[in-house]
Amino acid sequence: MVSLQINLREDKKMNRNTIPEILVIVMLVTVIFVEPTYAYLDPVTGSIIIQSLIAGIAVVGYIIKKRWYQLKNIFSKKKDDNDGK
Amino acid sequence: MMANSKKDIQQLSSSFRDPEGFLFRKNGILYRKINQVGIKNYKILMSSGLYDNLTKKEYLVSHEDVQSADFTDHCSIVIKPRELDFVSYPYEWCFSQLKDAALLTLKIMRESISYGIILKDASAYNIQFQDGKPLFIDTGSFEEYFEGSVWKGYNQFCRHFLAPLSLIAMGDVRLCTLSKQHIDGIPLDFASKLLPLSSWLKYSIFAHIHLHAKAQKRFEHSKDGIKRKNKINMSRNKILGLIDSLVSAINSINLKEIKTEWCDYYNNTNYSDIGFKHKSELIEKFITKINPKTVWDLGGNNGYFSQIAINCGASVICWDIDPVAVEKNYRNSKMTQCKILPLLIDLTNPSPNLGWAHKERLSLQDRGPVDMIMALGLIHHLAISNNVPLVAIAEYFSKLSKFLIIEFIAKNDSKIEYLLSTREDIFNDYHIDGFIKAFNLYYDEIDRININDTSRTLFLMSAKK
């Protein structure tokens, strides 16, 4: 888009009769309908937001699993103790 | 390598992004320098007990402290990591190698968190295969973990591991080489576009790839997103939940049974038992005669003949063009604890120099030469299927190693008759005399024996110069 603006400025200096009309139309259409482009993209923000969202869901399963193993350990220890006696 | 005249050291051209340190060679020995900014994290790794834990489990490369060396200074630390047999790249790995590398990264991440440490990145290039197993090689990747902080390596993990694995498994097995084009991982929006529609129904792929890609796009210019990002507080349990979620995601991706041209090669050979046994004996005889330390088996398929070199005490890489043959070889080597390193290569378009200034990732040739290469049942694929002149094959092979075991296959062999059945025979020089003439330009012949019950001849050669 920047380069197009520069081209347009340069075009003003040129003899208008030398520019084919079709080129002007193409340039105008391009300028009007072109999507804005950015030189600086930020891919990190979305990634961090989604990381937090997924982790928020996953932590529920993680805590249930952790508690389950803790319970299992307690019972297996009790069983071992009884077996030992 | 980049020269550093000040201290007469050679900084490795692959090691320049991390301000906390870099790898270098001095007198041929590999060292890692940890700069002042990285010393705190290094000391935490060493004093926490994490280093001992990870090296004991053979997850992390071990190193020696070389503070007494003459090139150390007051504001940095120098360590001497264990030297690896070979540096391979993710675009040369099969599916299971990439999967094992991903799982090792997550195992290390989980162990690290319990020591109050976190991985600051999740690059697939931090993993190498040594003695048949994945090994984490970047001692500089560890940093102190602060409760509430996010995992900075999450996006890189998805690009380097999850995206290519899901593309290979749900798309096409040949997509394993896509990482050659995207050396910092497959962009997630690209992976999302390439994945089949059915992948949207799989929660792990939907969340970590499709939704992840959409979120990146949605918040790439958003000030609101930055405000939301700054409010995020990731508890330790949330980080561990995220790792659990990624482990399940990786474990749920499996390769379907695929048949390719080469995957049953040794069940479909035209050798008789006598010929196959004689060929094996000759290869063992030639290897024993030279006693090489390093061998590349080019076009080695499932590694049958690589195994002979391994049994003779060599460190062997078995290269093949077929991802399924490499996959089978890797799985079999893992099961039998064999130390062959199976890797993927198209010899007509081998791995080039890639990355910054063409020096970040080295070409096949720049990672050689080795003591010996084996080109068994290969010459006709290069010379006839791919029209590579015999002289060009000899010239290239002579750059890869000093010694060569090569099998010449005459035109009356059924495999070549099959190759020529659908095309014009324009290969007037393809006969044993033409082969000898071409290879004599670059090699001295040491031995030559016809393989019993075949129209094939095995040569042992030594490169001139």
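Q: Two residues count as in contact if their C-beta atoms, placed from the backbone, lie within 7 Å. With that in hand, which residues is Tyr330(B) in contact with, leaving aside its neighbours within four places in sequence?

A: Happy to start there, noting that this is a predicted model. Beyond those sequence neighbours, Tyr330(B) is in contact with Cys94(B), Ser96(B), Gln97(B) and Pro342(B). Tyr330(B) itself sits in helix α11 (residues 323-336) of chain B. As for Leu341(B), eleven residues from Tyr330(B) in sequence, the C-alpha to C-alpha distance is 7.4 Å.

Q: What makes Tyr330(B) buried or exposed?

A: The count of other C-beta atoms within 10 Å decides, and buried requires 20 or more. Tyr330(B) has 25, so Tyr330(B) is buried.

Q: Why is α3(B) called roughly antiparallel to α8(B)?

A: Helix α3 (residues 95-114) of chain B packs against helix α8 (residues 236-252) of chain B at an angle of about 165°. Angles over 145 degrees count as roughly antiparallel, so α3(B) is roughly antiparallel to α8(B). The two axes are 10 Å apart, and the crossing of α3(B) past α8(B) is left-handed.

Q: Which residues make the contact between α3(B) and α8(B), and how do they divide by class?

A: From α3(B) come Lys99(B), Ala102(B), Leu103(B), Leu106(B), Met109(B), Arg110(B) and Ile113(B). From α8(B) come Arg236(B), Ile239(B), Leu240(B), Ile243(B), Leu246(B), Val247(B) and Ile250(B). By class, this contact has eleven nonpolar, no polar and three charged residues.

Q: Which residues touch the most other members of the largest nonpolar core?

A: They are Leu165(B), Ile373(B) and Ala375(B), in a core of 140 residues. Helix α4 (residues 154-170) of chain B contributes the most to this core, with ten residues. In soluble globular proteins, nonpolar side chains tend to be buried together. Not counting residues up to four places away in sequence, Ile373(B) touches Trp296(B), Leu298(B), Phe397(B), Leu400(B), Ser401(B) and Leu404(B).

Q: What is the pattern of chain A along the sequence?

A: Chain A reads α-α-α, with three helices and zero strands. Of its 85 residues, 14% count as buried.

Q: How many residues of chain B are in contact with chain A, and which elements give two or more of them?

A: On chain B, 30 residues are in contact with 20 residues of chain A. The elements of chain B giving two or more residues to that side are α4, α6 (203-218), α7 (223-231) and α8. By class, the side of chain B that touches chain A has 13 nonpolar, ten polar and seven charged residues.

Notes. Residues numbered from 1 in each chain as written. Chains lettered and ligands numbered in written order. Predicted model: local features only at pLDDT ≥ 70, side-chain atom pairs only at ≥ 80, totals over all residues. Axes fitted to C-alpha atoms, helices over the stretch in contact; angles between N-to-C directions. Helix = DSSP H or I, 4+ residues; strand = E, 2+ residues; numbered from the N terminus. Parallel < 35°, antiparallel > 145°, perpendicular 65-115°, else oblique. Left-handed = near helix turned anticlockwise from the far one by under 90°. Nonpolar A, V, L, I, M, F, W, Y, C, P; charged D, E, K, R; others polar. Core = buried A, V, L, I, M, F, W, Y, C linked by C-beta atoms within 7 Å. Buried ≥ 20, exposed ≤ 12 C-beta atoms within 10 Å, placed from the backbone.
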